[in-house]
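Q: I'm new to looking at protein models. Could you walk me through how to read one?

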Amino acid sequence: AADRRQGRNSGNRQAISRREEKAGMYKHLTRGWMKHLDFILMDIILMLAAFVISYAARQGNIWFYRLPMYRSMIWTLILVELLVALFFGAYSGILRRGVFQEFKAVLKHLSLSMGIFIVLVYAARVAEGYSRMILFSTWALSVFFILIGHLLLKRRIRSQTAHKENVSSLLVVTDYAHARDVLRILEENQNGSYRIDSVAILDRNMRGKQIGNFTVSANEEGI
């Protein structure tokens, strides 16, 4: 009887642990999605603009909504964009990317989205009805529009953060082994409520040297 009770208790603990793990994963996905909602909405709008321009260049008009096939394409692209944003971490660390890193991330993101869309339309056996020129132009223009949009929005966010009077200024104090990870986590979770002003490395004299996007300003003796 004691063995059976221990078995039941162990099973209950495992079930609770699995539920907590799933809940934690759901919270992590939801928090990441909501944190980048401005980028996601902008990307959807710019992708739709790229599609309308591509359709107009190929068909000579913008009345795509008259064709059920292209109406379905719009909704499918929006759904795929949301899935990529939610499950593939397309916006992780977006504020700390340089121009070239941003270009690579946008190219990967949109290639993945368009690839998923093409797989879906082939699976539904409706690929023959779509213009390859419209699909390629939509992808190419989306890369250009979204890259420019990301760079401008990031500049605006950084400018707002720099000029906010109620923004907390952080002095990050850590050791060399953990410095990159600490700074990366702080940057990824930055929402405009703080800015990193100074970095101090306790176990090395790295004053004036660069770690990621930040210059070390002090060691343990200089704090």
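This is a predicted model: local features need pLDDT of at least 70, side-chain atom pairs count only at pLDDT 80 or more; totals for chains, interfaces and linings use all residues.

Q: At what angle do α3 and α4 pack?
A: For a pair of helices, look at the angle and at the distance between the axes. Here α3 and α4 pack at about 130 degrees, and their axes are 9 Å apart. That makes α3 oblique to α4. As for handedness, the α3 and α4 crossing is right-handed.

Q: And how do α2 and α3 cross?
A: The axes of α2 and α3 come within 11 Å, crossing at roughly 150 degrees. Angles over 145 degrees count as roughly antiparallel, and therefore α2 and α3 are roughly antiparallel to each other. The crossing of α2 and α3 is right-handed. On the α2 side, the contact is made by residues including Ile-40, Ile-44, Met-47 and Phe-51, and on the α3 side by residues including Tyr-70, Met-73, Leu-77 and Leu-82.

Q: Let me zoom out. How many helices and strands does the protein have?
A: Count the elements, then read their order along the chain. The protein has six helices and four strands. Starting at the N terminus, the order is α-α-α-α-α-β-α-β-β-β.

Q: What share of the residues is buried?
A: Of the 223 residues in the protein, 33% are buried.

Q: What should I expect to find on the inside?
A: In soluble globular proteins, nonpolar side chains tend to be buried together. In this model, the largest nonpolar core has 33 residues. Among those with the most contacts inside this core are Phe-39, Phe-51, Tyr-91 and Phe-117. Four helices, α2 (37-59), α3 (68-87), α4 (99-123) and α5 (132-163), each supply at least two residues of the core. There is also a second, separate core of 10 residues, which includes Val-172, Met-206, Ile-211 and Phe-214.

Q: Which residues does Met-73 contact, leaving aside neighbours within four places in sequence?
A: Skipping close neighbours shows what folding brings together. Met-73 is in contact with Phe-51, Phe-117, Tyr-130, Leu-135 and Thr-138. Met-73 is also one of the residues with the most contacts inside the largest core.

Q: Is His-150 buried or exposed?
A: For a single residue, find its element, then check its relative accessible area. His-150 sits in helix α5. His-150 is buried, because its relative accessible area is 2% and the cut-off for buried is under 20%. Not counting residues up to four places away in sequence, His-150 touches Phe-39, Met-42, Asp-43, Tyr-91, Ile-94, Glu-102 and Val-106.

Q: How far apart in space are Met-69 and Tyr-130?
A: Compare separation along the chain with separation in space. Met-69 and Tyr-130 are 61 residues apart in sequence and 7.9 Å apart in space, C-alpha to C-alpha. Met-69 is in helix α3 and counts as partly exposed at 25% relative accessibility. For another pair, take Ser-168 and Ile-196: they are 28 residues apart along the chain, with C-alpha atoms 8.5 Å apart. Ser-168 is in strand β1 and is partly exposed, with a relative accessible area of 40%.

Q: What percentage of contacts join residues at least 24 apart?
A: Among contacts between residues at least 6 apart in sequence, 71% join residues at least 24 apart.

Technical notes:
Residues are numbered from 1 along each chain as its sequence is written. Side-chain values use heavy atoms; hydrogens and water are left out. A nonpolar core is a set of buried Ala, Val, Leu, Ile, Met, Phe, Trp, Tyr and Cys residues joined through side-chain atoms within 4.5 Å. Buried means under 20% relative accessible area, exposed over 50%, partly exposed in between (1.4 Å probe, protein chains only). Contact means heavy atoms within 4.5 Å. Axes are lines fitted to C-alpha atoms, for helices over the stretch in contact, and angles run from 0 to 180 degrees between N-to-C directions. Angles under 35 degrees count as roughly parallel, over 145 as roughly antiparallel, 65 to 115 as roughly perpendicular and the rest as oblique. A crossing is left-handed if the near helix is turned anticlockwise from the far one by less than a right angle, and right-handed if clockwise.
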